[in-house]
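The exercises below ask you to read a single protein chain step by step, with a worked solution after each task.

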Amino acid sequence: MFSYQDQFSAATKSNLQAQLDLINNLTAKAFEGVEKIVELNLSATKASLEEAALAAKQLASAKDPQELLALAAAQAQPGADKATAYGRHLAGIVSSTQAEFTKAAEAQIADTSRKLSALIDEISKNAPPGSEQAVSLLKATLSNANAAYEQLSKNSKQAVETLEANLANATKQFTAAAEKATASTRAKK
């Protein structure tokens, strides 16, 4: 039979390794998210530069102010649509990265909690008489830690949902403002 110190030492080593694995996993997920954002930004920048060059050529070829205004108005709505699509795509990347973080953290915490609970159960079976209070205290501490994690997880999910709702609302407002500006420009013709 192992001593309690050996059991705690093995559990500590296992927990440390699991935490290092979690950190490596989260770091990899973070880099994947950053890569996606960089790809999105490069693609958006390239498309914007190409469209700006084309728009400049079109505006330079305008014969009179009326045609210039018409060309400018025609370019406003597609630009707003592209900005809205960019915002949605960026929000999707951030949301999926956050979901992967949450999933990995939840799995790690559940595994660690399960292992710790099993260790406490094993110790309680072999505990000397009179140590029931100490074992009970360990179980209560584990239960409290799990409850705190669950509350933190709920709060994090609510914060992400609020962020996504705010982003969706901002996107709607931006789209409405762009459509209003386009309609106003067309009405001035």
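**Exercise 1.** Does Glu 100 count as buried, partly exposed or exposed, and which relative accessibility puts Glu 100 there?

*Solution.* The model is a predicted one, and the reasoning starts from the computed accessibility. Glu 100 has a relative accessibility of 27%. Buried residues lie under 20% and exposed residues over 50%, with partly exposed in between, so Glu 100 counts as partly exposed at 27%.

**Exercise 2.** Find the salt-bridge partner of Glu 100, and describe where the two residues sit in the chain.

*Solution.* Begin with the general principle that side chains of opposite charge can pair when their charged atoms come close. In this model Glu 100 forms a salt bridge with Lys 29, and the closest N and O atoms of the pair are 3.6 Å apart. This pair links distant parts of the chain, since Glu 100 belongs to helix α2 whereas Lys 29 belongs to helix α1, which covers residues 4–60, and 71 residues separate them. Lys 29, for its part, has a relative accessible area of 21% and is therefore partly exposed.

**Exercise 3.** Describe the salt bridge between Glu 51 and Lys 82, including the accessibility of each partner.

*Solution.* The first step is the distance: the closest N and O atoms of Glu 51 and Lys 82 are 2.7 Å apart. The next step is the position in the chain, where Glu 51 lies in helix α1 and Lys 82 in helix α2, so that the pair, 31 residues apart, links distant parts of the chain.

**Exercise 4.** Work out how Asp 111 and Lys 115 are placed relative to each other, and name the network to which they belong.

*Solution.* Both Asp 111 and Lys 115 lie in helix α2, where they are 4 residues apart, or about one turn of the helix. Their side chains meet in a salt bridge with an N to O distance of 3.3 Å. Asp 111 counts as partly exposed at 23% relative accessibility, and Lys 115 also counts as partly exposed, at 37%. For the structure as a whole, the number of salt bridges is 4.

**Exercise 5.** Characterise the overall form of the chain from its secondary structure, its radius of gyration and its burial.

*Solution.* The secondary structure comes to 3 helices and 0 strands, and the order of elements from the N terminus is α-α-α. The radius of gyration is 28 Å, well over the 16 Å that the globule rule gives for 189 residues, so the chain is more spread out than a compact globule. Along the principal axes, the C-alpha atoms fill a box of roughly 100 × 25 × 10 Å. Of the 189 residues, 16% count as buried, and the accessible surface comes to about 13,100 Å², with 62% of that surface belonging to carbon and sulfur atoms. Among contacts between residues at least 6 apart in sequence, 80% join residues at least 24 apart. Finally, the chain carries 20 positive and 20 negative side chains, and the centres of these two sets lie 7 Å apart.

Technical notes
Residues are numbered from 1 along each chain as its sequence is written. This is a predicted model: local features need pLDDT of at least 70, side-chain atom pairs count only at pLDDT 80 or more; totals for chains, interfaces and linings use all residues. Side-chain values use heavy atoms; hydrogens and water are left out. The radius of gyration is taken over C-alpha atoms; the globule rule is 2.2 Å times the number of residues to the power 0.38. Buried means under 20% relative accessible area, exposed over 50%, partly exposed in between (1.4 Å probe, protein chains only). Contact means heavy atoms within 4.5 Å. Accessible areas come from the Shrake-Rupley method with a 1.4 Å probe; for residues, only the protein chains shown count as cover. Lys and Arg count as positive and Asp and Glu as negative; His and the chain ends are not counted. The place of a charge is taken as NZ of Lys, CZ of Arg, CG of Asp or CD of Glu.
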